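This report describes selected features of one protein chain. The sequence and the coordinates are shown below.

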Amino acid sequence: VWFDGQPGPTPIAITRTSKPKVHPADDELRFGSVFTDHMFRMDYTEGKGWHDAKIIPYQPFSLDPATSVLHYAQSVFDGLKAYRGQDGSIRFFRAAKHADRLNRSCGYLCIPPLDPELVVQSFHALVGVDQSWVPSKRGTSLYLRPAVIASESFLGVHPSKTYTYFLILSPVGPYYAEGINPVKILATDAHVRAVQGGLGAAKTAANYAASILGAEEAQKMGYTQVLWLDGVEHRYLDEVGTMNIMLKIGDEIITPPLNGAILAGVTRDSILTLCRDWGLKTSERRISIDEVMAAARNGTLVEMWGTGTAAVVSPVGELGYKDERVTINGGKTGTLTQKLYDAIVGIQYGETEDRHEWTTTL
Ligand code: COI
């Protein structure tokens with residue numbers, strides 16, 4: 001157990017806050033607006049490597065206005081969750097896989113890699129210190145947000161010589177205002193999120209910046225998020241704002257392949273694994289918006305849902321494209337979507353057998 005001064009692979013200096021905050025009630029939790037008492041920080045200097053791992057009271061950064069991340073977005077992040085089971089114990093969901101993905105994202109942005117074991121250690125150490133913040137109501141969890149930013153002050157465009165890795169924690173409830181009710185998504189060809197050969201597979205600020213205008217336009221039209229189509233032909237499904245997309249046409253479960261332009265979702269991988277465990281016909285293949293709309297029209301599009309750490313498994317009740325707006329499964333959560341949600345949540349809260357050893361206990 002790597003927290004509170006107990007030895008782990010890397011020494012972590014801990015300074016505790018003298019002003020602990022009041023915890024919000026579990027019922028009031030939404031997504032990402034409340035933060036715990038402490039944060040983890042570690043710095044990188046060229047020639048020295050990563051150094052000075054520490055846990056300190058949650059606090060603002062002081063940054064020179066020329067800090068490169070503020071201008072050129074050389075930054076990556078990830079997001080994972082810790083859950084409190086009914087037995088009171090705290091479980092991380094696929095922590096090592098998130099640490100690996102953070103490192104892969106670093107590679108796309110020329111950020112020096114982090115030791116994945118140390119990243120996992122930082123998760124355990126900080127959640128250990130702030131464990132009273134892990135909520136317990138079903139549907140709530142503690143969201144971990146690790147991130148790396150380029151911290152050198154300069155205005156030339158080249159990789160920074162210094163970086164800061166930090167980890168913050170936020171007790172959260174549902175990501176969407178809809179809660180676990182179906183969301184409405186709009187497939188658009190007016191904007192592009194990412195292209196193959198670009199940054200689409202990295203969890204980096206630029207992809208989210210590219211999504212904001214399209215998402216705002218979709219919201220004005222009554223949609224929750226945008227379903228991004230490929231950046232070249234504007235035809236094939238890529239992913240949704242903060243989720244990977246899956247659908248069931250007839251008896252085939254389909255999700256777009258990891259083509260370099262979409263994020264390799266950890267929930268995506270988990271849900272595909274469950275579907276295969278259950279013997280369902282599961283395809284990672286290109287699927288065009290025309291095929292989806294045709295299936296919606298002829299009634300073979302049975303269910304559609306998004307997957308993501310923040311969104312978990314989120315049913316899609318309505319899909320818009322050009323002048324058409326189709327309702328899926330009568331705008332209600334589908335049977336398979338519900339079954340997948342229940343299965344993954346059961347594993348996350350430690351209530352059902354974790355065959356693939358996805359969870360680790362604090
Ligand atoms: C996730 O953690 O699921 C995300 O996609 C991050 C998002 C809230 C920006």
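Two strands are taken to pair if DSSP finds at least two bridges between them. The model discussed here is predicted.

## Pairing of strand β15

By that criterion, β15 pairs with strand β16 (residues 312–321) in the antiparallel sense, over 4 bridges. Within this pairing, W305 stands opposite P315 in β16. The link between β15 and β16 is a hairpin of 3 residues.

Strand β12 (residues 244–249) is also joined to β15, through 6 bridges, and these strands run antiparallel. Strand β15 (residues 301–308) is largely enclosed by the rest of the structure, because 7 of its 8 residues are buried.

## The annotated lysine

An unreviewed UniProt entry places the feature "modified residue: N6-(pyridoxal phosphate)lysine" at K203. This residue is found in the loop between β9 (183–188) and α4 (205–220).

Is K203 buried or exposed? A residue counts as buried if 20 or more other C-beta atoms lie within 10 Å of its own; K203 has 25 within that distance and is therefore buried. Leaving out residues up to four places away in sequence, K203 touches V76, F77, D78, R101, S105 and L263.

## The nonpolar core

The largest nonpolar core comprises 95 residues, of which L126, I185 and L227 touch the most other members. Apart from neighbours within four places in sequence, L126 is in contact with H38, F40, I55, L167 and L169.

Methods:
Residues are numbered from 1 along each chain as its sequence is written. This is a predicted model: local features need pLDDT of at least 70, side-chain atom pairs count only at pLDDT 80 or more; totals for chains, interfaces and linings use all residues. UniProt positions are given in the numbering used here, feature names are shortened, and annotations may be inferred rather than shown by experiment. Helices (H or I, at least four residues) and strands (E, at least two) are DSSP runs, numbered from the N terminus. A residue is buried if 20 or more other C-beta atoms lie within 10 Å of its own, exposed if 12 or fewer, and partly exposed in between; C-beta atoms are placed from the backbone. Two residues are in contact if their C-beta atoms, placed from the backbone, lie within 7 Å. A nonpolar core is a set of buried Ala, Val, Leu, Ile, Met, Phe, Trp, Tyr and Cys residues joined through C-beta atoms within 7 Å.
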